[in-house]
Amino acid sequence: MTPTWNVSSARLLALLACSGLSVCAQNAREFPLRSLEGLELRNVKAEVSEYRGRRAVRLTDSPDAARSGTPGGGEAIAILAGSDFEDGTIEAMVAGAPKSGASEGARGFIGIAFRSQPHASRFECFYLRPTNGRAGDQLRRNHSTQYISHPDFPWQRLRNETPGVYESYVDLEPGVWTPIKIVVSGTQARLYVHDAVQPCLIVNDLRLGKSRGQIALWIGLDTDGYFSDLKIK
């Protein structure tokens, strides 16, 4: 026997469908990064800029900031004040290159910090070294991506104590828009670059353990960095 559908049934289904979509929308947050509203700046200068066809937030070192002895340890970072993240997916478009007059060791360091504690006192972070991606030296290429956990596990310590475990190769170009995705679950995080199906860097022991906190835009020394279209799911 064929079920009889009436107007009330159709309305109920429509309401249920709308409710489901609403829940999905609430579970996903978008930060277009087309203004500086809601950014807590620490040791960086920020401005809204049009860069290679995208409206973006541009971050550079703040020359007036003391890069030590400050909350966050002098890290150059812009915290998304409205964010709250434990597990899930973070996606963004980033473009980093050494700024004009940068030191020889500048690599265009650019990345995303997550589970940041107040004032960036502690956080996890994945970042890129764009000038390493196509370097003529293989060892330098192998240092194209990096995981750090501030403040106790900077890159120097991780590289010295566990060489090759917390960094890897991926093809990069300085100053070019690059899609990145970070997938976090418990104490594991995976970094995907260029919409790749497979991660280029896997961390199975996040040093802050299972925690939660804010999302932040991160740059390293002498970087001219651009961020756009950040999404949290």
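A cavity, as I use the word here, is a set of grid points where a 1.4 Å probe fits but cannot get out. I keep that in mind below, and I note at the start that this is a predicted model.

**Entry 1: enclosed spaces**

Helix α3 gives the largest share, with three residues. Sorted by class, the lining of the second largest cavity holds five nonpolar, three polar and two charged residues.

The largest cavity comes to about 40 Å³. Its lining includes Val94, Ala95 and Gly96, along with Ile110, Leu128 and Pro130. I also wrote down Leu172, Glu173, Gly175, Val176 and Thr178 as lining residues of the largest cavity. Which element gives the most to this lining? Strand β6 does, with three residues. By class I get seven nonpolar, three polar and one charged for the largest cavity.

The largest pocket holds about 460 Å³ of space. Of the 26 residues that line the largest pocket, Phe109, Tyr127, Trp155, Gln156 and Trp218 are the closest to its centre. For the largest pocket, β9, α3 and β14 (214-219) each supply at least two lining residues. The lining divides into 11 nonpolar, nine polar and six charged residues.

The second largest pocket has a volume of about 160 Å³. Around this second largest pocket I list Glu91, Ala92, Met93, Pro179, Ile180 and Lys181, among others. Tyr192, Val193, Asp195, Ala196, Asp229 and Lys231 are also in its lining. Strands β6 (88-98), β11 (178-185), β12 (188-193) and β15 each give two or more residues to it. What classes make up the lining of the second largest pocket? I find seven nonpolar, no polar and five charged residues.

Then I checked the backbone. Most residues other than glycine have a negative phi, and most peptide bonds are trans.

Asp229, one of the residues lining the second largest pocket, has a positive phi near 50 degrees. Asp229 sits in strand β15 (residues 223-232). Is Asp229 buried or exposed? Asp229 counts as buried because its relative accessible area is 18%, and the cut-off for buried is under 20%.

Arg52 also has a positive phi, near 45 degrees. I find Arg52 in the loop between β3 (44-51) and β4 (54-61). Its relative accessibility is 55%, so Arg52 counts as exposed, the cut-off being over 50%.

Where is the cis peptide bond that I noted? That bond runs from His150 to Pro151, with omega near 5 degrees. Pro151 lies in the loop between β9 (145-150) and α3 (155-161). I like that link, as β9 and α3 each supply at least two residues to the lining of the largest pocket.

Key:
Residues numbered from 1 in each chain as written. Predicted model: local features only at pLDDT ≥ 70, side-chain atom pairs only at ≥ 80, totals over all residues. Heavy atoms only, no water. Helix = DSSP H or I, 4+ residues; strand = E, 2+ residues; numbered from the N terminus. Buried < 20%, exposed > 50% of the residue type's maximum accessible area, 1.4 Å probe, protein only. 1 Å grid on protein atoms, 1.4 Å probe; cavity = no way out; pocket = protein on both sides within 12 Å on 5 of 7 lines; lining within 4 Å. Points joined across faces, edges and corners; volume = space filled by probe spheres on them. Nonpolar A, V, L, I, M, F, W, Y, C, P; charged D, E, K, R; others polar.
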